[in-house]
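Me: I have a structure open and would like to go through some of its details with you. Could we take it one question at a time?

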Amino acid sequence: MSPTTSPNPSPSTPHILVTGGTGYIGSHTVVELIKEGYRVHILDNLSNSREETLDRIEQITGKRPEFTKLDVRDADALEDHLSHHDYDGVIHFAALKSVGESVRKPLEYYENNVVGTLNLIRAMQSAGIPNLVFSSSCTVYGQPDTLPVTEETPLKPAQSPYGESKRICEAIIRDATTAEGAPETSRSVLLRYFNPVGADPSGLIGELPTGVPDNLMPFITQTAAGIRDELQVFGNDYGTPDGTPVRDYIHVSDLARAHIRALEYMNSAEEPCSVFNVGTGEGYSVLEIIQTFEKVNNLQLPYRITERRPGDIEQIWANNEKALHTLKWSPQYGLKEMCQTAWTWQQSLEELDR
Ligand code: NAD
Ligand code: WQD
C-alpha cells in the first residue's frame, strides 16, 4: 500500500480511516499520511480535541482531511459509515488515555476503549475492510524484569483500568485476526508506544492537555510558561543513575511515521497479527529531561523533589530492533528536538487560547 503522490486522489490512492484523528498522535499521523500521498478520513467525537485541528492540518499539508464526527461506541453509526466507504486500512487511535481518570471512571474507559475497538472490528469485518493498526502502550509491560523490553517480554498485570483496556484490546484484535475463517486479507499491527512527546515542527498542532497535566512534558511546558508554579519531581530514590525514573521518550512525528510503515508492512506480512515496540531505544531520567529542556530552550524550570507517585515504575526503555528491521522505520528526532518542539507548541497554544 504505497501511494503515488499526485495533487488529486486517483482511485488507486489508498484511502485510510483514522479514528481519533484530531487528537494528539492522530493529528500528527494524519499530517504524515497526507505528506506521503495517502487520502485520509478522520472519525472523532471531539471529546478530547477540536475541529480547528482540521484547519491546522490543512495549513501544514495543503490538503484538508475528510472528517465525520462520530463516536466509536455507536456501533450502528460506525457500521453504516464503514459500509459506505471503501477504505484500504484503519488506524485506530480513538480512546480515553488518562491513567488516573481511568481508576475513578473504569466503566467509561472500558466502554470507550474496549467496546469502541470491538465495534470497529465488527464493522471492518462486515464491510470487508482489511488492515488495522492499533495504538497500544508500553504500559502493558509494567515494570519488566529485564531491560530493554522486546516484544517477547512477558506482560505484567495492569495497574489501572486504562492499562487493562489496552491489554484486552490487544487480545481482542489478535484473536479476531488470527481466528480460523478470518478473511485472508485481514491483518493487524499492534504498536506499543513508549512515551510520546513534542509536536510538529510547524508549531500548528500538538497535545491539548485538559486540566492539570499528568504527564511530564506538558507539565514542564506549562511550568515554563508560568501556568504552574513549579514542577514536582516524583521521587529521586529509585535505583537509576540519578535516582529519578527512566523512560523512553519518542517524538510524536517519529511515532506518527511508524503507523505508515505499519500500513505498508501489512501488505506483505506473513503473520496475521504483529506487535512492535515504538521507542527510540534510549532511556532518559526525569532530571535529564529537565536539564535538556532548560538548555535547549534557554530557560530555568522551578522544580522540587517530592514523594514517589503511586503506581510509577522505576525504569523502562525499548528494544526497537524489530521495528527498525521489519518496518524499516527509524526515529529522526532526538531529545533536543522533542524539548524544542514541545516548548514551541506551548507558546502557540497560548496564542490559540487568547
Ligand atoms: P488524544 O486524547 O489526544 O486523542 C484521542 C482522540 O480520540 C481524541 O481526539 C478524542 O476526541 C477521540 N475519542 C476519544 N473517545 C472517542 C470515541 N468514543 N469516539 C470517537 N473518538 C473518540 O490521545 P492521544 O495521546 O493522541 O492518544 C491516541 C491513542 O494512543 C490512544 O488510544 C491512547 O491510549 C494511545 N496512547 C497514547 C499515549 C500517550 O502518552 N499519549 C501512549 C500510549 C498509547
Ligand atoms: C514520566 C516520568 C513520573 C509528571 C504514562 C502512562 C502510560 C503512557 C504514557 C498511555 C515518571 C515523572 C511526571 C510530573 C514527574 N500513556 N513525572 N512529575 O507515567 O511513564 O506513562 O504516559 O498509554 O500508559 O502511564 O509518563 O509522563 O506521566 O511520567 O516527576 O509532574 O515523569 O514520575 O517517572 P508515564 P508520565
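This is a predicted model: local features need pLDDT of at least 70, side-chain atom pairs count only at pLDDT 80 or more; totals for chains, interfaces and linings use all residues.

Me: How many residues apart are the two members of the pair Arg304 and Glu230?
Reply: The side chains of Arg304 and Glu230 meet in a salt bridge. Arg304 sits in strand S13, while Glu230 belongs to the loop between H7 and S8. The pair therefore links distant parts of the chain, and Arg304 is partly exposed at a relative accessible area of 40%.

Me: S8 and S13 pair, but in which sense, and which residue is the bridge partner of Val233 in S13?
Reply: Strand S8 covers residues 231–234, with Leu231 and Val233 on the covered face and Gln232 and Phe234 on the uncovered one. S8 and S13 pair over four bridges, in the parallel sense. Val233 has its bridge partner in S13, and that partner is Ile305.

Me: How many of the nine residues of helix H7 are buried?
Reply: Helix H7 spans residues 216–224 and is mostly covered. Among its buried residues are Leu216, Phe219 and Ile220, and also Thr221 and Gln222. Just after H7, Gly226 takes a positive phi of about 85°. Of the nine residues in H7, the number buried is eight.

Me: Where are Arg39 and Glu66, whose side chains meet in a salt bridge?
Reply: The structure holds 17 salt bridges, and in the one between Arg39 and Glu66 the N to O distance is 2.8 Å. Arg39 is partly exposed at 32% relative accessible area, and Glu66 is partly exposed at 24%. The two are 27 residues apart, Arg39 in strand S2 and Glu66 in strand S3.

Me: Which residues are linked with Arg261 in a network of salt bridges?
Reply: A network of salt bridges includes Arg261. The residues linked with Arg261 there are Glu36 and Glu264.

Me: Which residues gather with Asp74 in a patch of negative charge on the surface?
Reply: Asp74 is found in the loop between strand S3 and helix H3. Its relative accessibility is 38%, which is why Asp74 counts as partly exposed; a patch member needs over 30%. Gathered with Asp74 in the patch are Asp76, Glu79 and Asp80.

Me: What is omega for the cis peptide bond that joins Leu147 and Pro148?
Reply: Most peptide bonds are trans. Pro148 is found in the loop between strand S5 and helix H6. The bond joining Leu147 and Pro148 is cis, with omega at about -5°.

Key
Residues are numbered from 1 along each chain as its sequence is written. Chains are lettered from A and ligands numbered from 1 in the order in which they are written. Side-chain values use heavy atoms; hydrogens and water are left out. Patches are made of residues with over 30% relative accessible area and no salt bridge: like charges are joined within 9 Å, nonpolar side chains (Val, Leu, Ile, Met, Phe, Trp, Tyr) within 5 Å. Accessible areas come from the Shrake-Rupley method with a 1.4 Å probe; for residues, only the protein chains shown count as cover. A salt bridge is a side-chain nitrogen of Lys or Arg within 4 Å of a carboxyl oxygen of Asp or Glu. Lys and Arg count as positive and Asp and Glu as negative; His and the chain ends are not counted. The place of a charge is taken as NZ of Lys, CZ of Arg, CG of Asp or CD of Glu. Buried means under 20% relative accessible area, exposed over 50%, partly exposed in between (1.4 Å probe, protein chains only). Two strands pair if DSSP finds at least two bridges between them.
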